[in-house]
Each structure stands twice: as structure tokens, then as C-alpha cells.
Amino acid sequence: MFLLTSTACTSDEPAPPSVTRTVAPPLNQTGPNTPDQRPVTAIQIDHRTGKTTVNGSTSLTQGTVVDLTVLSDLDDQVTIEVLQLSTTLTGGSARLQFTATTPGTFPIRLRDNKIELATLKVT
């Protein structure tokens, strides 16, 4: 930390109290140069023309980072309701990234069309 002290006065005025500001040092760089070291599981769900295919494992261990991509010819909300996760599906695709922290079985759905796409199992 750095301390800066500032005082100013003119010859006819009494000197104001000194002002001290604390300036924090710069933060360490984060982002793409410091990648997350946890395991990442990519899951792609393709739901077009009424057929659903799932690429990637939907059986996960706690702590796994999930990168979920849903492709569809329907505009909707992709939801994992029990985990309170959702994202808008427009223009043919949606992406949802989260960490699987809660054990259990969780349906992935298209909310408005009431279509269950897949089920995640977290152990």
C-alpha cells in the first residue's frame, strides 16, 4: 500500500488539516492467462427436428466444471430447475457454464416446450 499526504495553504488562511489517502497496489492479472485448473466436462445436446442426441458424459463428480451447449431449432429457455440455472436459447444455440457442486439427478429441459433433453447425475 502507498500513502499519499496532501496539504495546501495560502498566506492569509490557516492550513487545512492534512489529507491522507490509501492507494491499493494493482491487482494480479486474472482471466485467460490464469485458467481454471479444475476438470471441465463439455456436454453438447443437439435437439433438432424432434430428435435429441447427447455428446459427452452426463455422469459427473462433484466439483466438475460443466460447459453445456444446447443446439436446437426451437427458441426457448434451457433450464436445470433444481439448480436454479437457465439461459436463453435463441438463434440455434445456448451455452451454460457452472460447477457441479450438489449431488443428485438433475433434468435439463427446454422450459416453454416442456421437453426433457437429458439428465445430469452428480456423485
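In this predicted model, isoleucine 80 stands opposite leucine 85 in strand 8, within a pairing of strand 7 and strand 8 that is antiparallel and extends over five bridges. The hairpin formed by strand 7 and strand 8 has four residues between the strands, and in it glutamine 84 takes a positive phi near 55°.

**Strand 7 and its sheet**

- Five strands form an open sheet with mixed pairing, and their order is 5-11-10-7-8; its edges are strand 5 and strand 8 (85–89), each of which pairs on one side only.
- Besides its pairing with strand 8, strand 7 (residues 76–80) runs antiparallel to strand 10 (residues 104–110), to which two bridges join it.
- Within strand 10, leucine 110 is the bridge partner of valine 78, while arginine 109 is the residue that stands opposite threonine 79.
- Strand 7 is mostly covered, with five of its five residues buried; Asp76, Val78 and Ile80 point one way from the strand, whereas Gln77 and Thr79 point the other way.

**Salt bridges**

- The structure holds five salt bridges, and one of the pairs is aspartate 67 with arginine 95, where the closest N and O atoms are 2.7 Å apart; this pair links distant parts of the chain, since aspartate 67 lies in strand 6 (residues 65–72) and arginine 95 in strand 9 (residues 93–99), 28 residues apart.
- The two partners of that pair fall into separate burial classes: aspartate 67 is buried because its relative accessible area is 15%, and arginine 95 is exposed because its relative accessible area is 52%.
- Aspartate 46 forms a salt bridge with arginine 48, the closest N and O atoms being 2.6 Å apart; here aspartate 46 has 19% relative accessibility and therefore counts as buried, whereas arginine 48, at 40%, counts as partly exposed.
- Arginine 109 forms a salt bridge with glutamate 116, in which the closest N and O atoms are 3.7 Å apart, and a network of salt bridges links Glu81, Arg109 and Glu116.
- Arginine 109 is partly exposed, with a relative accessible area of 29%, and glutamate 116 likewise counts as partly exposed, at 44% relative accessibility.

**The loop at threonine 58**

- Threonine 58 is placed in the loop between strand 4 (51–55) and strand 5 (59–60).
- When neighbours within four places in sequence are left aside, threonine 58 is in contact with Ile43, Thr119, Leu120 and Lys121.
- A polar atom of the threonine 58 side chain lies 3.4 Å from the backbone oxygen of threonine 119.

**The protein as a whole**

- Among contacts between residues at least 6 apart in sequence, 49% join residues that are at least 24 apart.
- The protein exposes about 8,400 Å², of which carbon and sulfur atoms supply 51%.

Methods: Residues numbered from 1 in each chain as written. Predicted model: local features only at pLDDT ≥ 70, side-chain atom pairs only at ≥ 80, totals over all residues. Heavy atoms only, no water. Contact = heavy atoms within 4.5 Å. Areas by Shrake-Rupley, 256 points an atom, 1.4 Å probe, with all protein chains shown as cover. Polar contact = N/O pair within 3.5 Å; in protein donor to acceptor, adjacent residues only side chain to side chain. Pairing = 2+ DSSP bridges. Buried < 20%, exposed > 50% of the residue type's maximum accessible area, 1.4 Å probe, protein only. Salt bridge = Lys/Arg side-chain N within 4 Å of Asp/Glu carboxyl O.
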